[in-house]
Amino acid sequence: MQTPLNWWQKLIAYGALAFVFFWTLFGLFVFWVYLNQ
Amino acid sequence: MKLSDEARKVVDTSIRINRVSEEERREIERLIAMMPDDRVLLYKNVVSNPIGDLPRYSIHIRIQHMLTFVTFLALAFTGLPIAFFDHVWAAPLNAAVGGVDISRIIHRTLASVMIFSMIYHLFTITLGTAQKIITGRFELQRTIIPLFKDIRDFRDDMLYFAGKRDQRPEMDKFMYKQKIHYFAAAFGNMVMVLSGSSFLFPDIWASILPASIAPQFQEMMRISHPHEALLALLVIAFWHWYNVHLAPGRFPMQWTFLTGKITREHQMEEHFLEYLRCLVEIPEERAQLYDMLIARELVQEEEPEESPPDGARPGIEPEPAE
């Protein structure tokens with residue numbers, strides 16, 4: 001059981017997660033273009 | 001809790017290395033005896049601070065991770081559009097950093113920072129290990145060096161995930177997955193440095209290598225550099241980021257790379273042997289665990305032979321003699 005994150009911890013954690021998500025999305029897009037080239 | 005042979009060895013070694021007093025040793029043993037055999041009960045009930053409770057990485061390792069992490073992403077962002085310059089997606093990315101010529105300079109500068117981070121890491125692990133050996137605190141099981149136990153742990157963990165085991169194996173500070181990941185990253189780094197240096201200094205490589213293989217070597221390096229980069233990017237995106245962001249218990253982010261601390265819950269689940277060392281080394285952690293065991297009524301009754309000599313413990317009937 002983990003104690004809840006406070007606002008700035010949430011900001012960092014979910015910000016990092018969003019970064020990871022968009023980078024992965026970009027990677028998948030590039031890979032898709034690469035395969036269809 | 002009745003400790004396994006491995007766990008017993010870890011506790012005894014840690015007690016010896018830390019020169020724990022007899023009184024503290026008794027306290028540790030009493031606490032271990034109180035712990036339930038089912039470790040799942042421990043990590044499901046313990047209260048953790050998500051940004052970390054127990055020490056794991058030194059400031060040096062955190063700086064190295066940060067340097068590698070930032071340079072890796074920036075290197076991929078500048079390098080892949082150079083390698084795949086004729087692809088439709090590469091042109092806007094190259095243009096975004098001021099064209100291929102600028103991108104190349106940024107790429108090489110970042111590469112030198114990443115190489116610095118590698119050298120820094122080599123210094124840290126060499127000097128850190130030397131210091132531990134000199135002070136008598138070195139434990140092979142506590143390092144990232146792969147051991148036969150890791151193969152056993154991998155098998156047992158797979159059996160646990162398949163529902164054939166009740167508990168995950170008792171793993172050490174670095175589990176099998178982390179060891180594979182670490183050496184894959186080290187190998188990848190070496191490939192990238194070697195191939196990158198062959199682009200930058202072809203003359204030097206040509207003078208070192210026999211003339212018969214120098215052109216093939218260059219060609220091999222030219223192929224391996226972008227493809228190793230692509231492989232590394234996929235590993236980071238689909239394996240590392242899953243483990244540190246999306247895996248149950250880690251969501252939305254594992255804070256160890258910033259704080260150098262691991263949560264109590266995570267330590268108990270995936271690094272139980274290291275948790276036992278924490279119990280020996282950190283008195284506050286013993287108090288924390290004791291309070292949790294009492295509050296959650298998880299105290300395991302002591303074995304009859306460990307009871308006081310007269311066996312008179314209130315509320316417990318002595319076992320019938322066979």
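B:Glu297 is found in the segment that follows α14 (283-295) of chain B, where helices (H or I, at least four residues) and strands (E, at least two) are DSSP runs numbered from the N terminus. In this predicted model, local features need pLDDT of at least 70 and side-chain atom pairs count only at pLDDT 80 or more, whereas totals for chains, interfaces and linings use all residues. Residues are numbered from 1 along each chain as its sequence is written, while chains are lettered from A and ligands numbered from 1 in the order in which they are written.

The phi angle of B:Glu297 is near 55°, a positive value in a residue other than glycine. B:Glu297 counts as exposed because it has 7 C-beta neighbours inside 10 Å; a residue is termed buried if 20 or more other C-beta atoms, placed from the backbone, lie within 10 Å of its own, exposed if 12 or fewer, and partly exposed in between. A positive phi, near 50°, is also found at B:Arg19, again a residue other than glycine, which lies in the loop between α1 (5-17) and α2 (22-34) of chain B. With 8 C-beta neighbours inside 10 Å, B:Arg19 counts as exposed.

Chain A has 37 residues, of which 5% count as buried, and its secondary structure comes to one helix and zero strands. Taken along the principal axes, the C-alpha atoms of chain A fill a box of roughly 50 × 20 × 5 Å. Contact between the chains (C-beta atoms, placed from the backbone, within 7 Å) involves 17 residues of chain A and 17 residues of chain B. The side of chain A that touches chain B has 11 nonpolar, six polar and no charged residues, where Ala, Val, Leu, Ile, Met, Phe, Trp, Tyr, Cys and Pro count as nonpolar, Asp, Glu, Lys and Arg as charged, and the others, Gly among them, as polar.

Notes
Contact = placed C-beta atoms within 7 Å.
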